[in-house]
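Hello,

Here is the structure I said I would pass on. My notes on it follow below.

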Amino acid sequence: MSSSHPMIKAENIHKSYDSLRVLKGVSLSVDKGDVLVIVGPSGSGKSTLLRCINLLVYPDSGSIWIDGILTTHHEVRPEWVREKVAMVFQSFNLFSHLRAVDNVTLGLRKIKGINPEEAREAGIHLLKSVGLEDKIDEYPANLSGGQQQRVAIARALAMNPKVVLFDEPTSALDPEFISEVLDVMTRLANEGMTMIVVTHEIGFAKGVADHLVFLEGGRVLEEGGAREVIESPRRRRTQEFMSKILG
Amino acid sequence: MFGWVRSRALYVEIARFLVLIAVILGVIWLLGSLGHLDLPFIITVLPLIFQGAAITLAATAFILPVALGVGFLVGWARFSRNPLAYWVTTLFVEIFRGTPQLVLVLAAFFIGLPLVAPAGANPQVLAFWVGSFALALHSAAYQGEIFRAGFQSVPTGQIEAAHAVGLDSWQTMKEVILPQAFRVSLPPLGNEFANVVKDSSILGFLGVLCIVLCSRDLAGWGRQIAPLTFNVNTAVFSWVVIAIVYFIIIYVMSTIMLAVERRLRVPGLEAAL
Amino acid sequence: MAAVGRNSEGVLIRIRYWIDNHRSLSAGIFAGVFVILLFVYLYSLTLTGEFRLDFVTSKIPRFIFVGMITTLMLTGVSYVLGMSLGFLTAYARISDIRALKALAKGYIDAFRGTPILVQILLWMIVVAALTPGYRAQAFVAAIAALTINTGAYQAEIFRGGFKAIQEGQIEAGRALGFTSWQLMKHIKLPQVLRLVTPPMTNEFIALLKASALLSIIGVVELTFIAKDEMLRTFLTLEPWTLATLLYLAMTVPLAKLVQFLEIKFRIPGLGLPSDTGLYRGRKPRPGVAASQTTMAAQSLLLRRDPLYEYFRRRNRSKV
Ligand SMILES: Nc1ncnc2c1ncn2[C@@H]1O[C@H](COP(=O)(O)OP(=O)(O)OP(=O)(O)O)[C@@H](O)[C@H]1O
Ligand SMILES: [Mg+2]
């Protein structure tokens with residue numbers, strides 16, 4: 001299936017909260033199977049950009065295409081977009097009242113209408129693939145941070161999305177749990193999933209990402225191949241930032 | 001009936017309860033032996049007192065579900081983003097939380113009753129219903145606040161995650177917010193139920209003494225009932241009977257609530273109390 | 001521009017956000033509209049004779065200067081007396097002397113656990129047995145009943161306040177060389193007073209509402225006057241509307257005060273949550289988990305029952 005269009009394309013996205021202009025004309029494009037890493041200082045609008053992409057918030061202006069479909073068009077239901085574009089959050093956001101497997105299958109059961117037994121099968125399979133076969137029936141409160149985040153990844157994958165967005169998936173974790181989550185993400189990338197990852201894990205970016213975008217003040221300051229931008233950034237501001245997170 | 005309660009706990013509970021009753025009977029016996037007890041008088045008023053207790057029980061049985069239903073809707077509306085629903089229910093809460101229970105009941109008797117009474121209805125029975133309804137609305141105001149706090153206790157991140165999974169607003173409400181809000185609200189609800197029992201003593205009192213309904217001359221309200229109420233025997237007895245009834249109701253209720261809580265227990269969702 | 005980003009926030013939600021961000025202004029507007037509508041409605045009733053305006057104008061002095069004043073006076077006096085009683089009881093309750101502790105606990109549970117109506121009747125009997133003169137009796141019984149009832153509730157509030165102070169701080173104070181009086185004055189009291197102010201204001205509201213029950217033993221307060229005027233004039237709508245509005249005029253501002261005090265006196269990290277959005281009247285920020293703290297704080301505003309809590313605590317430890 002060779003497609004001429006990128007998997008995700010965003011053009012000139014603007015977004016303000018009241019008088020605060022958070023995104024001031026961001027454009028980016030990700031091809032199918034690619035991994036894009038977004039870095040940038042706190043408050044630069046990284047989370048807001050991700051939220052715009054799966055329409056958790058609507059951009060004030062600009063256009064977004066997912067797999068060639070203009071999702072900012074007023075006839076596209078946001079729920080449709082969110083089925084195609086899954087999201088993993090910094091604070092996991094697992095549903096506290098549901099066991100791990102039910103967290104994973106909620107979308108299958110309630111949106112796709114798959115019957116509970118089949119959904120459970122699928123959920124168990126997904127949990128196994130993130131290495132949690134022994135935590136299937138635990139409640140989120142009884143799981144460690146790394147385990148919770150892996151359940152959240154399984155939940156994101158359950159709807160069989162075309163793209164997964166990661167918003168600082170490891171920054172709420174204790175150092176000892178970071179690698180287990182990154183391992184899962186790396187495997188996912190190698191399997192050919194299209195991903196946009198906000199992260200400051202430079203090792204992951206270097207090893208896995210194809211492209212990197214440096215965001216500051218709601219604008220793209222620099223972009224290019226991941227390795228290239230990390231190792232030899234062109235702009236001074238990017239150099240400063242890279243040396244800070246590398247050092 | 002108590003199958004789901006740990007049996008040992010139940011035995012201990014029953015034993016404590018029996019001890020309490022023994023102590024109360026002991027006090028009564030002591031009063032009697034000191035000559036403070038007018039037995040024939042007590043025997044004449046005892047049915048009245050039990051009638052009052054029965055009214056309290058019946059009223060509680062009516063008030064709780066009504067207040068729970070209305071309170072739930074009020075809490076939901078106070079949580080919702082719909083300004084009209086929000087303000088109307090806010091007004092409801094302020095009015096019913098800010099007016100004394102007695103005033104609500106009396107207003108219901110004197111203003112509400114004539115409005116709703118069909119011709120030929122038994123005023124005493126109707127008075128019970130409108131009075132209970134007034135108390136139900138009073139409690140609903142409090143329960144509305146409990147439910148609102150329950151709704152607000154669901155972290156917004158989870159709501160966002162539900163949207164990210166693809167649930168629409170209604171599904172998010174049904175699958176994510178409601179189950180959690182309900183669970184978190186259970187313990188404070190139990191407390192409020194106990195208060196409903198106490199408040200309904202007003203109905204029992206007004207009903208039994210027939211102050212409102214039977215007597216045409218209400219002017220000397222206090223003085224009129226004095227001979228009846230201000231008798232040591234009646235008072236002590238009504239106190240003891242009400243205390244016992246109250247104890248039993250709260251006991252049964254808290255056992256049920258705890259069993260429900262245990263059934264629905266979710267690690268991490270136990271509300272702090 | 002290919003497409004204008006659709007706004008997911010409808011008009012109603014926009015209004016609601018505006019309300020969230022202009023809390024007191026919008027509350028004022030809404031309350032104003034409501035009061036105007038109420039008066040328009042009542043006025044329309046006066047035109048048909050269903051609502052007698054002359055009743056209101058002629059009786060309002062009695063409602064306010066006799067009824068409301070008596071209500072406030074009785075509530076105020078009992079509240080202040082109850083405060084000393086409650087403070088001492090709380091102190092007994094946390095002391096090391098077992099008998100004192102048990103006594104305090106017995107007092108608190110007995111009076112928080114039974115209907116205040118029953119307590120009022122009981123005090124009336126006791127006082128009637130001791131003193132002559134009906135009116136005086138009723139007054140004494142009224143103050144006794146309210147004081148002793150609110151004392152029990154206030155004791156629990158104070159105890160909660162003392163319990164919230166960490167042991168470590170008291171030890172740190174000792175280590176600095178504070179005497180126990182200085183410890184009380186400089187470390188415990190400043191924290192306890194801030195912690196208890198909102199629930200104490202709330203208790204005042206509850207007491208004010210309970211004082212309506214005093215009409216049953218013949219104390220001439222607001223409810224008694226409403227009932228009295230009803231019997232004299234055979235009007236019902238007018239006296240009860242008036243009484244209800246006057247009660248609301250006392251309780252609603254106080255309830256608002258509770259909310260205000262809760263924000264104002266909040267000590268970061270102590271007792272009340274800071275970022276749940278519950279008290280700031282705005283939308284909680286994404287990701288702020290509030291459940292436990294919110295419920296704990298909110299429960300200060302609610303009515304708690306000792307017997308229920310007792311069962312709950314005890315049975316819960318057995319789970
Ligand atoms: N719902 C909102 N309402 C108002 N302002 C918001 C909202 N969400 C984000 N902002 C503001 O928008 C700006 C950008 O936020 P965003 O979360 O996108 O930054 P970020 O790059 O993800 O930062 P961080 O690295 O800290 O997560 C911040 O100043 C933030 O305060
Ligand atoms: Mg962010």
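**Helix packing in chain A**

Helix 5 (residues 145–158) of chain A packs against helix 6 (residues 175–190) of chain A at an angle of about 20 degrees, and their axes are 8 Å apart. Axes are lines fitted to C-alpha atoms, for helices over the stretch in contact, and angles run from 0 to 180 degrees between N-to-C directions. Helices are DSSP runs (H or I, at least four residues), numbered from the N terminus. The angle therefore makes helix 5 of chain A roughly parallel to helix 6 of chain A (angles under 35 degrees count as roughly parallel, over 145 as roughly antiparallel, 65 to 115 as roughly perpendicular and the rest as oblique).

In the contact (heavy atoms within 4.5 Å), the residues from helix 5 of chain A include Ile153(A) and Leu157(A), and those from helix 6 of chain A include Val184(A) and Leu188(A). By class, the residues of this contact are seven nonpolar, three polar and two charged.

This is a predicted model: local features need pLDDT of at least 70, side-chain atom pairs count only at pLDDT 80 or more, and totals for chains, interfaces and linings use all residues. Residues are numbered from 1 along each chain as its sequence is written, chains are lettered from A and ligands numbered from 1 in the order in which they are written, and side-chain values use heavy atoms, with hydrogens and water left out.

**Helix packing in chain C**

Helix 7 (residues 167–175) of chain C and helix 8 (residues 180–210) of chain C pack at about 160 degrees, with axes 10 Å apart. Helix 7 of chain C is therefore roughly antiparallel to helix 8 of chain C. Among the residues in contact are Ile170(C) of helix 7 and Ile187(C) of helix 8.

**Ligand 1**

Which backbone atoms have an oxygen atom of ligand 1 at 2.8 Å? A polar one of Gly43(A) does. A backbone N or O atom of Gly45(A) lies 3.0 Å from a ligand 1 oxygen atom.

Regards

Notes
Helices (H or I, at least four residues) and strands (E, at least two) are DSSP runs, numbered from the N terminus. A polar contact is a pair of N or O atoms within 3.5 Å; within protein, one must be able to donate a hydrogen and the other to accept it, and residues adjacent in sequence count only if both atoms are side-chain atoms. Ala, Val, Leu, Ile, Met, Phe, Trp, Tyr, Cys and Pro count as nonpolar, Asp, Glu, Lys and Arg as charged, and the others, Gly among them, as polar.
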